[in-house]
Amino acid sequence: MHAALVWFRRDLRHFDHAALHHALRHADKVYCVFVFDRDILDALLSREDRRVGFIHHAVTELDAALDALARAAGGRGAGLIVRHGRAVEEIPRLARALGVDQVCVNRDYEPAAITRDSKVAEELAAAGISFVDFKDQVIFERDEVLTQGRTPFSVFTPYRNAWMKKLDDFFVRAYPVEKHAGALAPKPAGELVPALDEIGFGPGNLAELRMPLGVTGGRTLFEEFKGRIDRYKRTRDFPAVKGVSYLSTHLRFGTVSIRELVAYAWQHGGEGAETWLSELVWRDFYHMILWHHPRVVETTFKPEYVRVQWDDVPELFAAWCEARTGYPLVDAAMRQLNQTGYMHNRLRMIVASFLTKDLGVDWRLGERYFADHLIDFDLAANNGGWQWAASTGCDAQPYFRIFNPVTQSEKFDPEGRFIRRYLPELERVPNKFVHAPWTMGGIDQTAAGTRIGVDYPAPVVDHASARARTLSRFGVVKAG
């Protein structure tokens, strides 16, 4: 090929990159582009959305890294062409202007992205330009792991077993970029990465969160996690403990390589690494489910649960969103989300169960709230997790297994350390009451400086009564 254009999306790194590798190997000149897509950005609720700040930092770092790669290979420099507009218009326009023969991308499995890419491919084809996509963000995709009957899995454990059986060195081998970097083309004159405010956004509170950003941040987090991975199985469920990898946002935006992470976990071995690897397999599983069953975006994976009658209780949903349910671990988790854009995975399960099983609220409302607030929001994983908690999804929590928010709190935050971090109004509440502060008598409330119903809310629902309602709600459908 004379020239190719690599369109970066959720793969914001300059190494182990399938589309970039292919383009560099087969084209004399390779241009690189990222689009701040208005079809996505204009729908965001906040002009301070942390995700846009994260992406902007990653794009700026990627621009510099591509330039350094080109210069190290003896070129005149390179970098990232950045556009702010509708990707379906910007990519064909740029491809025509640059005179490229091919646009290369890494594959996206979300329905809206598939539609977008189809439109771009059609526009390019009309101009005689090919559109080629590659697998990059997962280890196994689409039809690569199927049952013996050649159908998609709907239960995780047999999927994981088949996934592990198929795994070998080939599937985690890196796509080399550096040795082919001489083909990177300089950016057209005058091309600069726009400032964040030029695309209509502010930085949010990323700086005060001290979140490691870009490829550099992803590398720092991964290297640090390697020293803790052997403890992962024992520590991952405790939000007050540094037990998880904190790589979810970097996986979402591709500032780390899934192949490198899987290869390390697989080769390192031991119960910690094996447990973490299983979590990475869940990621592939949910992407596979979304690909084969795109209807899950709008409705239940299990068709019979379409008939579940959820309650119309906007005041309870608001209490959940605003962290005033009266259940400390639920409220602390929601404050973590609202203040930081992150929530510990165990807490995601607890608050999702609470919304659907204690408050009787449709899981889609919670899923949407997470989609609006999580910095690591990923449609496949978010939808899969919410349908798991609501018992409507594939291989989901059975509807009769209902998390008790108090016992979950006692088990996973036994000393109330996480609770007190986000609920300072409970700072002086003794450990024996911190998981259920409404059980304190008047004297204890005075001593703790926390009056239930004044300084901290009373529970918005009684768990035992709510549990009975949930069993009835699903029982009617099962009896059907």
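Guide: Between domain 1 and domain 2 the count is four salt bridges, a salt bridge being a side-chain nitrogen of Lys or Arg within 4 Å of a carboxyl oxygen of Asp or Glu. The model is a predicted one, where local features need pLDDT of at least 70 and side-chain atom pairs count only at pLDDT 80 or more, while totals for chains, interfaces and linings use all residues. Residues are numbered from 1 along each chain as its sequence is written, and side-chain values use heavy atoms, with hydrogens and water left out.

Here are the bounds. Domain 1 covers 1–136, domain 2 covers 138–174 + 215–294, and domain 3 covers 303–477; such bounds come from an automatic or database domain assignment. The C-alpha centres of domain 1 and domain 2 are 25 Å apart. In contact terms (heavy atoms within 4.5 Å), 21 residues of domain 1 meet 27 residues of domain 2.

The size of an interface is often given as the accessible area lost when the parts come together. For domain 1 and domain 2 the buried area is about 2,100 Å², with 56% of it on carbon and sulfur atoms; this is the accessible area (1.4 Å probe) that two parts lose on being put together, summed over both. On the side of domain 1, Arg10, Tyr109 and Lys135 lose the most area to domain 2, together 33% of what that side buries.

Arg107 and Glu141 join their side chains in a salt bridge at 2.5 Å, N to O. Helix H3 (50–72) and helix H5 (111–126) each supply at least two residues of the domain 1 side that touches domain 2, and H3 gives the most, with five residues. Helices here are DSSP runs (H or I, at least four residues) and strands likewise (E, at least two), numbered from the N terminus.

The whole structure holds 34 salt bridges. One of them links Glu110 and Arg10 at 3.4 Å, N to O. Glu110 sits in the loop between strand S4 (102–106) and H5, and Arg10 in the loop between strand S1 (3–8) and H1, so this pair ties together parts that are 100 residues apart in sequence. Both Glu110 and Arg10 are buried, where buried means under 20% relative accessible area, exposed over 50%, and partly exposed in between (1.4 Å probe, protein chains only).

Arg259 also forms a salt bridge with Asp136, their closest N and O atoms being 2.8 Å apart. Arg259 lies in helix H12 (residues 258–268) and Asp136 in the loop between strand S5 (130–134) and helix H6 (156–166), so the pair ties together parts that are 123 residues apart in sequence. Arg259 is buried at 3% relative accessibility, and Asp136 is buried at 2% relative accessible area.

A further salt bridge joins Asp237 and Arg346 at 3.3 Å, N to O, and both Asp237 and Arg346 are buried. Finally, salt bridges that share partners join Arg13, Asp16, Asp136 and Arg259 into one network.
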